[in-house]
Amino acid sequence: MPPKRLRVTPPIPPFSVLVLAAGQGTRMKSNRAKVLHEVAGEPMIAHVIRAARSIGPATMIVVVGHQAEAVREAVEESLTDPVPGRSGKPVPVPAPVIHYVHQPDQRGTGHAVMMARAHLQRLKGDLLLLYGDVPCIDGEVLLKLLQEHRRKRASMTVLTAILVDPAGYGRIIRDKTGDLGSIVEERDCTPRQRRVTEINSGIYAFQTGDLLQALDRVEQKNAQGEFYLTDAAAILRRGGKRVGTVRHADAGSLLGINTRQELAQASAVLQTRVLDGLMTEGVTIHDPASTFIDARVTIGPDTVVFPQVIIDGPTTIGRDCVIESWTHISRSSLGNRVHIRNGCMIGESLLDDDVRVGPFAHLRMGVQLEEGATVGNFVEMKKSRLGAGSKSMHLTYLGDATIGARVNIGAGTVTCNYDGKRKHPTFIEDEARIGSDTMLVAPVRIGKGAVTGAGAVVTKDVPPGTLAVGVPAVLKKKKVV
Ligand code: UD1
Ligand code: CA
């Protein structure tokens, strides 16, 4: 998570994490489960899981329900992401044991926790409880909450914030002594309670046994007829238990997502954090407001990113690179001193050091450009390798092609790789020169140092050092110089 650089996890006593992610998210007006909606390029739930993982829980329990299988897949995928530390470099975090619990009908946050009872009974140590729709949370805050919870030996500790506009959140109602007395949902608030600006973030630390006991006594007496987890606060207080709060100053990181508007706000919060992190590490971003870079991207120092660039991950970009405007780079790896000019699309590709691409080039997928290779205007490549120092500068399609070093591909060259049924490979060996407008009818091999004439339609292999000209191309035996 380049968002907020974390310290390497300090050794802390074991604790577990419970994430609630079963709800549909009615207010999103979507067919997709709320926690699957993307924030800063990744499903909401992925951000929550990463923040939790970064502080090293022993066990993680995820309550799924609505579109359970898809949510589970999103969690599994996020577990494969590296967890970057303070320097942006991945830090080793122990892999938690992960359990999924099914909540078939969603009858409230308290009900969701009840579904996990069997697992919770077996847990040792404290429990951090998170909602899957609070994606901007980071590990440092979670750690602070857990430490404060332990220091005070509390049964429950609630992470809170003061909001200018607390609408939609549960309110923190304090008693005369200033301690937390109860959490009241907005719909159940009296007018006076509604004026309270301190809100429940939906993130808590619990003493697991006390939580289970409190849950037994949660009822459905509220405006929504649901089992509210938040009722645990008042229940524990009435039982003489200690319920504490940790107030967090950065309210943006506690944003709960119920609507599309809040989804956009969360993306903005995470974007700012990612871009800040990159700039701190020495990356120039000319116009952060129009630059979209997701949390799985790492970029080396002295790389310059121009306005209106999109980079999503996992992507690695080296140092001293230039990424010009209107370029989209996705799931790719770029070496050092790579220059991407205006208007390129690059997906699932590997670019070695000193490569130049664009303007207006499309590296669709599975492309490898070796050191110093150049791909120019209106060139499309797919599943192809261009060797070191080779060039394809203009108006070309290279698909399923393996091209050696120091090759020149003339303007308008096309690898005709598809016969209507199957794809066929093209091989072009080192130092070959492909004339302008050559059609390479695959499968075909152009030998080392061979040359094709302008407009040639090559249907048969061209041996090394041979010239091929015409339609269909005929071989000129004499050695090319
Ligand atoms: C909840 C809190 C509120 C807090 C706010 C913070 C309760 C009763 N209220 O309200 O005090 O200010 O979050 O964002 O807890 N979920 C399930 N199963 C269910 C219901 C919900 O797994 O049966 C999950 C949802 O997927 C979601 C999370 O719990 O990720 C929160 O549920 P949501 O309905 O969004 O609660 P809020 O109304 O936002
Ligand atoms: Ca919510």
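Biologist: Where is E198 placed in this structure?
Modeller: Looking at this predicted model, you'll find E198 in strand β10.

Biologist: And is E198 buried or exposed?
Modeller: Buried: the relative accessible area of E198 is 5%, and a residue counts as buried when that value is under 20%.

Biologist: How far apart are E198 and I45?
Modeller: In space, 25 Å from C-alpha to C-alpha. Along the sequence, 153 residues separate E198 and I45.

Biologist: Okay, new topic. How many residues surround ligand 1?
Modeller: There are 24 of them, and the closest are Q103, T109, Y131, E185 and N200.

Biologist: What does Q103 do there, in terms of distances to ligand 1?
Modeller: One polar side-chain atom of Q103 is 2.7 Å from a nitrogen atom of ligand 1. For N200, a backbone N or O atom sits 2.6 Å from an oxygen atom of the ligand. G170 also takes part through its backbone, where a polar atom is 2.9 Å from an oxygen atom of ligand 1.

Biologist: How much of the ligand's area does the protein cover?
Modeller: The protein covers 92% of the 760 Å² of accessible area that ligand 1 has on its own.

Biologist: Which pocket is that space?
Modeller: The largest pocket is the space that ligand 1 takes up.

Biologist: Back to strands and helices: which ones each supply at least two residues of the shell?
Modeller: That would be β1 (15-21), α3 (109-115) and β10 (198-207).

Biologist: Nice! What classes of residue make up the shell around ligand 1?
Modeller: Twelve are polar, seven are nonpolar and five are charged.

Definitions and conventions
Residues are numbered from 1 along each chain as its sequence is written. Chains are lettered from A and ligands numbered from 1 in the order in which they are written. This is a predicted model: local features need pLDDT of at least 70, side-chain atom pairs count only at pLDDT 80 or more; totals for chains, interfaces and linings use all residues. Side-chain values use heavy atoms; hydrogens and water are left out. A residue is near a molecule or strand if one of its heavy atoms lies within 4 Å of it. A polar contact is a pair of N or O atoms within 3.5 Å; within protein, one must be able to donate a hydrogen and the other to accept it, and residues adjacent in sequence count only if both atoms are side-chain atoms. Accessible areas come from the Shrake-Rupley method with a 1.4 Å probe; for residues, only the protein chains shown count as cover. On a 1 Å grid over the protein atoms alone, a cavity is a set of points where a 1.4 Å probe fits but cannot get out, and a pocket is an open set with protein on both sides within 12 Å along at least five of seven lines; lining residues have an atom within 4 Å of a point. A molecule sits in a cavity or pocket if more than half of its atoms lie within 2 Å of its grid points. Helices (H or I, at least four residues) and strands (E, at least two) are DSSP runs, numbered from the N terminus. Ala, Val, Leu, Ile, Met, Phe, Trp, Tyr, Cys and Pro count as nonpolar, Asp, Glu, Lys and Arg as charged, and the others, Gly among them, as polar. Buried means under 20% relative accessible area, exposed over 50%, partly exposed in between (1.4 Å probe, protein chains only).
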